[in-house]
Every structure is written in structure tokens, then in C-alpha cells.
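This briefing reviews the strand pairing, helix packing and model confidence of a single chain. Please consult the sequence and the coordinates alongside the text.

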Amino acid sequence: MHWHIQSLEEIFSHTQSQKEGLKHEDAQKKLAIQGKNELISKPPRPIWLMFLGQFKDVMIIILLLAAIISGLIGDLKDTLLITLIVFLNAIIGFFQEYRAEKAMEALKKMATTTAKVLRNGKIEHLNSTDIVQGDIVHLEAGDMVPADLRLIETHNLRIEEASLTGESEAVEKHTEPLTETNIPLGDRLNMAYKSTLVTYGRGVGVVVATGMKTEIGNIAQMLQESETQTPLQKRLAEFGKRLSFVIFAICAIIYVAGLIRGEEPTQLLLTAISVAVAAIPETLPAVITVSLALGASKLVKQNALIRKLPAIETLGSVTYIGSDKTGTLTQNKMTVQEHWLNPHLSSKEVNLLWEAMLCNQDTQVQENGEIKGDATEIAARLYAEQQMPQCEPLQRIDEIPFSSERKMMTTIHQKDNQILVYSKGALESIAEKCSNLPQEVWQVAETMTRKGQRVLAYAYKTLEKNYPTQNMLIEQDLKLLGLVAMIDPPRPEVKQAVAECITAGIIPVMITGDHPLTAKAIAQELGILQSEKHEVITGKEMAMLSEEELEYKIDKIRVFARVSPEQKLQIVKILQRKGHFVAMTGDGVNDAPALKRADIGVAMGISGTDVSKEAADMILLDDNFATIVKAVREGRRIFDNIRKFIKYTMTGNAGKIWVIFLAPIIGLPVPLLPAQILWLNLVTDGLPGLALAGEPAEKSVMQRPPRHPQESIFAHGLGWHILWVGLLIGALVLGLQAWSYASGSSHWQTIVFTSLCFAQIGQILAVRSERHLLFSLGFFTNLPLLGTAVLNFALQMLLIYHPFFQEIFVTKPLTLEELLWCMGIAVVVFHVIEFEKIIKKHFWKN
């Protein structure tokens, strides 16, 4: 329907409404037919599909195959144990994903607005989701338009439609039907659209479209597209594939070598399964999910809602943050910084500037004391009240509203026996209307503008009481009162956050629709513009550059001013081509494509539209840049901890593989049973691994450059550490097995089992940091991890000495001497890993 070309009679006819509004019963019937007035994202995945999705991992599939083979050859105990482990992992993963989905739903409910609706002849405050077509909605300054409206009444109504059209200037609205059918949304001046903001005046409109049938709903439907994998998902997929090849190769070698030696095929198959089970870090998916979930829970408390768990780790790879200025880097609260009074004012005229600032504005004080209206007028009002607390606004008898052509606004007031005219606006416009303008005013204004401040000029005149206020000459022969300079000041915490970004090797950049001088001033104050090499560019200048020229210059640009949403998307694409990992903030519908394309899209929880939130990976509940930096820190900490867990579990698994693989080659019996291996993998690996997820961030976490997105998970010597420490554990345990077996001890298998368990206890204490020794970290700085180490020791004692567990795990009680030998291996492993850190610190620089 082309609502903008229809007369009001046609509108009421089509919407089955009237000027007095709908009755409650009619509205309820419409709501049942039309549905809620809300944007619908992709339908949520069914719970059963979410659960099945936990079994897609390559490592999980290998484990299930191992369980099936064990069952086929008659070893049901191992089959049940493996299946139990897989299902435990799936349940943990499912609940974490389900919690994340519910958190997003909770945010949507929090973000729901209310609207003033005429129902049963009375204005009621309703939840905006309950509005239906035909409802009569009342709008005033500060309101978010709750649905698409055809305006039927306006009083100086101006609506800021930047979230929909990209136009930063508020648009003046009217009620007259338009003649052209296919005109841009921004030119449909008799319409008000869902999610746009009323900045001035008031109006009344009839609802013509709700939910997904609104203009913003049409855009939301266009964003239903597939998403790329995060670095963590890519690394784990690659890791799983490589590991599966290695496992199959080792199993094949063991099986073929055994057949050549004439060993029994069934026993060989069990040994091969044991190797597969030993090699797979079953608890890795659970540890990663828990690491991300703990990080997400922590960040929600710090005002960052993560929509997709792996996005936390993505932030750890970010090399470039493109941030909006207003509200994110700044307070989104215009504040008067300074004023200048005309030196030619008389003593009686000096206080008229404050009176003009109080009278020439249309802000409104709410019941809770909050002031609503245009940000500039709020700033002027607060400053005037501060300068002259006893001053009260005068009675307004007429006004000449602001218009983009005049760039000024005039209000007319009654005071005693005379009429006062107060005008405000751009200095160029006010100057044309003034007589005897002081020459220094231009220099003062230029100085203020260079500081990035917005300059408003105020002027006045007095008239006789009976002077006709509609006279077109009323704005002539004014006298300048002075200038007021204001700016949206930076958030106090952002400067430190910007400095932290730069230290961490991340480039923070401002992308704004604001004036370049204002953007430059804020960027210099925050430390975004650090040197002469750094440039400020406008959207107009960008448009004049070729793609190649912009690509060449982009690394030097720190401020993009007056840019369009299309240019924002262009910036993201060029940076990605140059190898950057880009985080981009946005709040409007028109930002959604850039948020979707960015490696991590960051939406605003307060000022952001529902569509931008849907397109984003993370939502800032406080719209604060410093929150992004906290998330980057958390992302780096989580990835560090995942690396530590992989180092821990894969080194332990490598030790087990060496023991199982080499024992038959050197003439020793198969050292471990599948049930014993599963115990080591689930309990000895899993419990400390989960505790390792909570390891605090290292001191240097934000003092090193970001990881390259393509960097292997085994980079920085991790792969070599797994090989050589795994080989060391294997050699020590095999030596102990050979000694006990040669001495005729019947406990040799329990000795191997226990020594591997204790080796990993020594290992977990040492891998808490890749750079710092345990004693410099503090022994008690991760109590859950220390607790799991003690628990593992106690559980192993239970397995060795309790008859019930001896039966299940086929163990025998060790003598004190045998137990001390097993403990000795833990001591050796711990000190060797600590010594490796000392060598790295002195001979290699990371």
C-alpha cells in the first residue's frame, strides 16, 4: 500500500479505524490476526536439532565409532563408558547453547518500548508489541516511533530517521497527501517509521503497518543470510581433522605390526581402540564450551551480551576496531563547554543570554525528573539553570519554528508591558539579522569551532506590547547577546581503553556522521589521533578516491567523518582484504550490512535498533567503547586458557600413546585397559581442564599484538611441547613399567595407570602460564584448579585401594615404595616444564 499518497479518509477506511481510536475488543481481534508488533529473526533451531548438533564434531564421531567396535567384539563395559562420556559432553554443550539463546530473548524483552495509544477514547501507555493496524498513536519529543504511521496531526514535528535512511538531520513532517508514488522513504514527509526517533514537537498518527510488514521489517528480512565460521571454529575443525588422520595411522600401524608378529586379531583391535580413545581429548569440546560460557557470563555483568559464544574468542583476534563516536566514544549528552558575551551589552542586558537559553527551547521535564527533547536544547537549558538558578522561562505567546533554510528559531514572549523576541541559530544566520555586530565575534566563533565545538548564537529585541507578532520583520534588527559552544564530551573511561588498544596492537578508529572538526577534536583528546601521520577523511573525500587509492591510504586514516552506511561497508571490505580482523560498531538499520560483514559486529543495546542487534555478534548494553576493550581482553584470556588446556590434555594423551605404542615394540605387554584410559581422559584431563578455564588473564595479555586469524592453534612452540614432553612422560612411565615387570611385580599395570595420573597432576600445575613460573603466579591464585589436583590424587587413591573400584578398573594396591616412584614422575614432569619456561625466557623472545 502507498499510504503516503492516500487521503486521511482513505487511510481510516483501509485500516478500519477512526480519529477516536480503536476499542479494546477490536484491537485484541486484530492482534490475534496480525500478530505481535515485533521483528522476527530467523526461526530458532528446534531443541532436538540443537542437541544433535553437539555430535557433529570429528573427535566425537571417532569416539562413537570406537564405542560401536567395542560393542561388536563383546566389550560392553567400554562401550557404555565411551557412550556415557559422549552424552555428558553433548548435554553440557547443549545447555550452554540453550542458555545463550535465552539470554538474547531476555535482551529483546528488555529493549521493548512503550507507546501512548488512543484506546476507548482515552490515551493509554501500552507495550509497543501490542499495537495493531488502525491504532492512533501520540508522539512527542524523545519518543521512539513504535510502528509505521501515517501522520494525521503535526505540531512542529521533526523526526530523526538516521536509523532507517542514514540521514542525520531530523526531518520536518506534515499531514498532507503526497502525489508521487515511488519516492524515497526520506521524502515521505507525511509518514513516521518504526524505530525512528522524535526529536522535536509532537504529532498523532494512525498505524498502517506493524512488525515485519513495516519498512524496518522489510530490511530485517534481507539480512537472513549464512554466516562464516569464527577463528576458533576453524582452528578446532582443522585440529580435529589432523588428529583423526594421525589416530587412524597409529591404529593401523599397531594392528598391522601385531598381525605380522602373529598376535590375536581381537586383542589387537582392542589395543587399537585403546590408542584411539587415548589420543582423543574427549573433554575438549566441553572445556571450550564452558570457557566461552564463563566468559559470556562474566561479560554480561560488564555490560556486553555475547550473542554467539565463539564470538568471545573472535575478539581476541581483532586488529582493528571501527567505532561510532556518539554515545560510544562520547557520553551522547551535549554539554556546554564555554560561552562568550557581547562586550557591548549593558548591565541590564547581561543576564538576558541565560533567559534566552531558557525561553528559546522546547524541552520537557518528565515525572521522574528526566529532561526530554533535542540534545542541544537540553544542554542549553541545563547550562542556563546553572548560571542563573533563579531565572524562570517566560510565557511564550508565539514562535517561528526552526527551518533548514533559515537555520534559526525565534520565540516571542510577554514580559511586563513589553514583548521580548529571542532568536537562536547558526552565527551566519543570526549575524544577517543583527545590527551593530561586534567584529571579534567571528574570531571567537572560529576558535570555538577549531576545538570541535558546535557554536550557537543568541540574539534578542524588544517590541511594544501591541506589536503584531506575525510580522515578517520580527527577526530583523536584532542585538547579539552572545555565543554558546557545546560538545558531546568523551566518556572518561574511553581514553584509557584507547591506550590499552594501542598497547595491544589494535588500531582504534572513529567512524562518524559528525562534522570533521568535531570528530578530530574528540579523536585527539582520546588519543585516537596520535601523530601528524594519522589522517582525518570525510565521506566526500572518500568518494573522490579510487578503491586502490583508499586501500593504500586506509592504514593511516584514524577518523572517518560524514561517511555513509555504504562507505562504512566499503571500509570493512578493504580492511579485510588487507588482512585485518575487523570489529565494527553500529546502531542503525543502515549499519546492519557492515555489522554482518565485519568479523565481529558490535551493536548498541541502548540506542541500537532491533535489526542491528540481530546482525551483530555482540551487544553493548551500555553503548560504551571501553566495554569492547574488556571483551577483547576476555577473548584473549579465553583463547590463552584453551591453548593451555590443549597443551595439557594433548601432552598427557601423547604420553599415553607413546606408552601404548612403544610397549609391545620393546617386548612389554599392553600397559593400559580401555576403562583405565577413559578414566585418565575424562577425570584426570577433564576436571583440571574445566578449572583451567577459569585461570585469570596473564599480566601481559594486553601488551602483545593480536593473533593472526590464520595462525595455527599449535603455533609458538605448542606442537613441539606436546611432542617432547609427551615423549618424556612416555619414557619415564615405560621405564617404570619395565622395572616393575622385570622385578616380577603383579602391580605393574596399576603402576603405569597411577604414574600417568600423577604425571598429569604435576603437568597441570606447571601449564597455568606459558611465561611465568608457578611460584611467581601464586600457588593459591586458582583455587578450583588446586582443588581438582587434590581431588584427582584422592580419587586415584580410591581406585587403587577400594575393593569395588579395584574390580571395575582392574587395579591392585601399591606398596609405599611403588607409590613414591609414581609421585617422583609427577615431580620430574613439573620441574622440566618450569625449566622450559626459564630457557624460553632467556634464549627466545615471543
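In which sense do strand 9 and strand 18 pair, and over how many bridges? Strand 9 (residues 320-323) and strand 18 (residues 507-511) are parallel and share four bridges; two strands count as paired if DSSP finds at least two bridges between them. The model is predicted, with local features requiring pLDDT of at least 70 and side-chain atom pairs pLDDT 80 or more, while totals for chains, interfaces and linings use all residues. Residues are numbered from 1 along each chain as its sequence is written, and side-chain values use heavy atoms, leaving out hydrogens and water.

- An open sheet of mixed pairing is formed by eight strands in the order 8-23-22-21-9-18-20-19; strands (E, at least two residues) and helices (H or I, at least four) are DSSP runs numbered from the N terminus.
- Strand 8 (304-306) and strand 19 (535-538) are the edge strands, each pairing on one side only.
- From one strand to the next, the twist averages 20°.

- Helix 17 (residues 516-526) lies across strand 18, strand 19 and strand 20 (557-561), and runs at about 145° to strand 20; angles run from 0 to 180 degrees between N-to-C directions, with axes fitted to C-alpha atoms, for helices over the stretch in contact.
- Helix 20 (residues 565-577) lies across strand 9, strand 18, strand 20 and strand 21 (582-586), at about 170° to strand 21.

**Antiparallel pairing of strand 3**

- Strand 3 (residues 136-140) is joined to strand 1 (residues 114-119) by three bridges in an antiparallel arrangement, with Lys116 opposite His138.
- Strand 3 also pairs antiparallel with strand 7 (residues 197-209) over five bridges, where Ile136 stands opposite Val206.

**Packing of helix 12 and helix 13**

- The axes of helix 12 (residues 352-359) and helix 13 (residues 375-387) are 8 Å apart, at an angle of about 145°.
- Helix 12 contributes Trp354, Met357 and Leu358 to the contact, and helix 13 contributes Ala380, Arg381, Tyr383, Ala384, Glu385 and Gln387; contact means heavy atoms within 4.5 Å.

**Confidence**

- The chain has a mean pLDDT of 85, and 90% of its residues reach 70 or more; pLDDT is the predictor's confidence in each residue, from 0 to 100.
- Residues 224-228 have pLDDT below 50, and this stretch has eight contacts in the model beyond near neighbours in sequence.
- Where pLDDT is low, the predicted coordinates should not be read in detail.
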